Amino acid sequence: MSTPQTLTIDIYSDVMCPWCAIGYGQLQKALGELNGEIDAEIRWRPFELNPDMPVQGEQQEAHLQRKYGRSAEEGSKVRGQMKAIAESAGVSLSYEGPNEGGADAPPAMMWNTRDCHKLLGFALEQAGPDVQTQLKLALFKAHFNERKPLADREVLLDIAASVGLHRAAAKAALDDAELEARVVAEQQQAWDFNITGVPAMIVADKFMIPGAQSPETYVNALRRVADKIRAAA
């Protein structure tokens, strides 16, 4: 059996983005199908959907109505469609915390995610891509399934510690001006790639797969990239 082709996959995304969670779920299905054929090193890159979001956040439905000009009925329909796609990808976007389904369940919110991206950059630099992915998935869970306030630094530090990152070092990272500058520079790089929405995946540093695609689309795209790399070797 031939050695699997290793590909880097840089995923530009935001923690607030449900399609980013869905896209990762679909990608995992594709990589499962490509097991033994293609290995992937996944790295998460920053893309703030709402960089001007205030620290107190905004209720999700109000935010989406304001940003996209859609009605509550339209929002409900979109959420239903998105939930069905998420379930097919093996991804839960539903609240699963205390008072699930009850009147006292916390509201779905949108938060400023600059600190999330700084922690993700810190995780990649200090612990590598596998731990960074663990952190990203923990942040998705905290946002979608637990509805935690991700603009709260103590909440973020708890999440960082839960994946094995040193809490004091993570706290220092949140105050690191150079790290923040790198986050800003990486977001500028996204614009240089003509990325205007997420998720967007850059494979092998130059081939882009935009949006949350089906597993079949990812399988075909990754095979094409692997073939091009082999042909150029």
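Select helix 1 together with what covers its buried residues: strand 1 (5-13), strand 2 (38-46), helix 3 (72-88), helix 5 (129-145), strand 5 (200-203) and helix 9 (215-232) are among the covering elements. This is a predicted model, in which local features need pLDDT of at least 70 and side-chain atom pairs count only at pLDDT 80 or more, while totals for chains, interfaces and linings use all residues. Residues are numbered from 1 along each chain as its sequence is written, and side-chain values use heavy atoms, with hydrogens and water left out.

Helices (H or I, at least four residues) and strands (E, at least two) are DSSP runs, numbered from the N terminus. Now select residues 18-33, which form helix 1. Its buried residues (under 20% relative accessible area, 1.4 Å probe, protein chains only) include Pro 18, Cys 20, Gly 23 and Leu 27. Cys 20 counts as buried because its relative accessibility is 1%.

Next, select Leu 150. Its contacts (heavy atoms within 4.5 Å), not counting residues up to four places away in sequence, include Val 15, Trp 111, Leu 139 and Ile 159.

Finally, go to the largest pocket, which holds about 830 Å³ of space. Of its 31 lining residues, Pro 18, Gln 60, Leu 64, Arg 79 and Met 82 are the closest to its centre. A pocket is an open set of points on a 1 Å grid over the protein atoms alone, where a 1.4 Å probe fits, with protein on both sides within 12 Å along at least five of seven lines; lining residues have an atom within 4 Å of a point. Select helix 2 to see the largest share of that lining, six residues.

Methods. Buried < 20%, exposed > 50% of the residue type's maximum accessible area, 1.4 Å probe, protein only. Expected span 1.5 Å × (residues − 1). Points joined across faces, edges and corners; volume = space filled by probe spheres on them.
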